[in-house]
Amino acid sequence: MKAKIGISTARGVIKAPPSKSYAHRLIICALLSEGRSIIDNVDFSEDIKATIDCATALNAKVTIEGSRVIIDGRPSESTGEVSFMCRESGSTMRFFMGIAMGLGANSRFYGSETLRNRPFGVYEDICKSQNISFEKKDDYICVAGKLKSGTYEVAGNISSQFISGLLFALPLLEGDSKIVLTGGVESRSYIDMTLQALREFGITADWAKENEIKILGSQKYRARECEVEGDYSNAAFLDAFNAMGGEVEVTGLNVSSLQGDRVYKEHFEMLKKGKAEIDISDCPDLGPILFTVAAYNNGGVFTGTKRLAIKESNRGLVMCEELRKFGVETVMEENRIEIMKSKLCKPTEEISGHNDHRIVMSMALLLSRFEGEIEGAQAVTKSYPGFFEDIEKLGIEVHKS
């Protein structure tokens, strides 16, 4: 799909979409619970559909009523072969690999080639140490075996999704466990979100020390009713219009949220005031929209960028490529990206979405000031399927073909 964006200004009030990160976690906790859970305010992005598919693969009964998901959990161990269809969702695959090992399932994980080629070293090392089979096949990853309780040492600067996968699984095992994070801890807020979801479903797991999480064994998840809070990650793409001449009020956000991406507001203010230096190691998903806001305003220097290379696209590289089409000068290093203050212009060629939802949304904002066309705009369905409809409500001119 292509989306042509005309020169237009965003104005109005818009509700933030539901948090994809929380929805993943609540659906998984409901799957692992005995009894019926009800989760309200769910947005059915491709990633959330993948997590629901994987829940049903573990014999959960899932009923969808509007934006409500009703889940009858099936927490029993699975000894048969289970196929997990993860689509392009890295969160789904990494979460369910941990869960599958916790349940002792003989599992096949299917997903896009890009997803299967992402790093899985944390799980591979654990599997090797516990004699669990981990094999990468041509079109799936096979994992067979059961985790043992105990101490898990994990580097703190890798994806928090591995840590969350272990956190979902370890309470189900006999015997207590702990996860020791070595080195600096990045994306701590996502770990905190997982711990909060676990607490909501009756699981005891928490920080024992600065870099150590203690998890009690032989626990049972307890079914409950809950609601997904608004998503700061996607709200950033709506609020960013205010840094580009718009007048937008984003509602439905929890001011006490644990979501790390809530920092976008202060980062936007910094970028509007001058050429700010911002460390994004704790909020890598904000990278593309922060680069866009920097390009439109005063430029910026961003550190902690190396993990952008292993997202849906190499986000640092492709953002530099696309911004150059607007006349923006950039400097890219291994763990640092500088966006120069530049004279922007209408792009002379079509913008590529690189099959990455956050690239598409970032480029759509910038095109609203200069006009142009994005190829591969359908990528927004991964996390925010209503994005183009929502910005149209705010007055942005959108033509899809």
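Is I339 buried or exposed? With a relative accessibility of 0%, I339 counts as buried, where buried means under 20% relative accessible area, exposed means over 50%, and partly exposed covers what is in between (1.4 Å probe, protein chains only).

Before going on, please note that this is a predicted model, in which local features need pLDDT of at least 70, side-chain atom pairs count only at pLDDT 80 or more, and totals for chains, interfaces and linings use all residues. Residues are numbered from 1 along each chain as its sequence is written, and side-chain values use heavy atoms, with hydrogens and water left out.

Helices (H or I, at least four residues) and strands (E, at least two) are DSSP runs, numbered from the N terminus. Contact here means heavy atoms within 4.5 Å. Not counting residues up to four places away in sequence, I339 touches K275, F291, A294, A295, G299, G300, F302, L323, V328, E329 and T330. A208 is 131 residues from I339 in sequence and 40 Å from I339 in space, C-alpha to C-alpha.

E338 is buried as well, at a relative accessible area of 13%. Leaving aside neighbours within four places in sequence, E338 is in contact with K275, G300, V301, E329, T330 and V331. The side chains of E338 and R336 are joined by a polar contact of 3.2 Å. Such a contact is a pair of N or O atoms within 3.5 Å; within protein, one must be able to donate a hydrogen and the other to accept it, and residues adjacent in sequence count only if both atoms are side-chain atoms.

Strands of a sheet pair through backbone hydrogen bonds, either parallel or antiparallel. For pairing to be assigned, DSSP must find at least two bridges between the two strands.

| Strands | Bridges | Opposite residues |
|---|---|---|
| β5 (residues 61-65) and β6 (residues 68-72) | 5 bridges | K61 and D72 |
| β8 (residues 106-110) and β10 (residues 141-144) | 4 bridges | S107 and V143 |

Axes are lines fitted to C-alpha atoms, for helices over the stretch in contact, and angles run from 0 to 180 degrees between N-to-C directions.

## A pair of helices

Helix α5 (residues 121-129) packs against helix α6 (residues 160-169) at an angle of about 45°, with the axes 9 Å apart. This makes α5 oblique to α6, since angles under 35 degrees count as roughly parallel, over 145 as roughly antiparallel, 65 to 115 as roughly perpendicular and the rest as oblique. V122, Y123 and I126 in α5 meet Q161, F162, G165 and L166 in α6. By class, this contact has 5 nonpolar, 2 polar and no charged residues; Ala, Val, Leu, Ile, Met, Phe, Trp, Tyr, Cys and Pro count as nonpolar, Asp, Glu, Lys and Arg as charged, and the others, Gly among them, as polar.

S19 lies in the loop between β2 (11-15) and α1 (20-31) and counts as buried at 1% relative accessibility. A polar atom of the S19 side chain lies 3.1 Å from the backbone nitrogen of Y22. Not counting residues up to four places away in sequence, S19 touches V228, E229, G230, D231 and Q259.

N59, in the loop between α2 (46-57) and β5, has a positive phi of about 75° although it is not a glycine. N59 is exposed, with a relative accessible area of 54%. E371, found in the loop between α12 (357-370) and β23 (372-375), has a positive phi of about 70° and is not a glycine either. E371 counts as partly exposed, at 29% relative accessibility.
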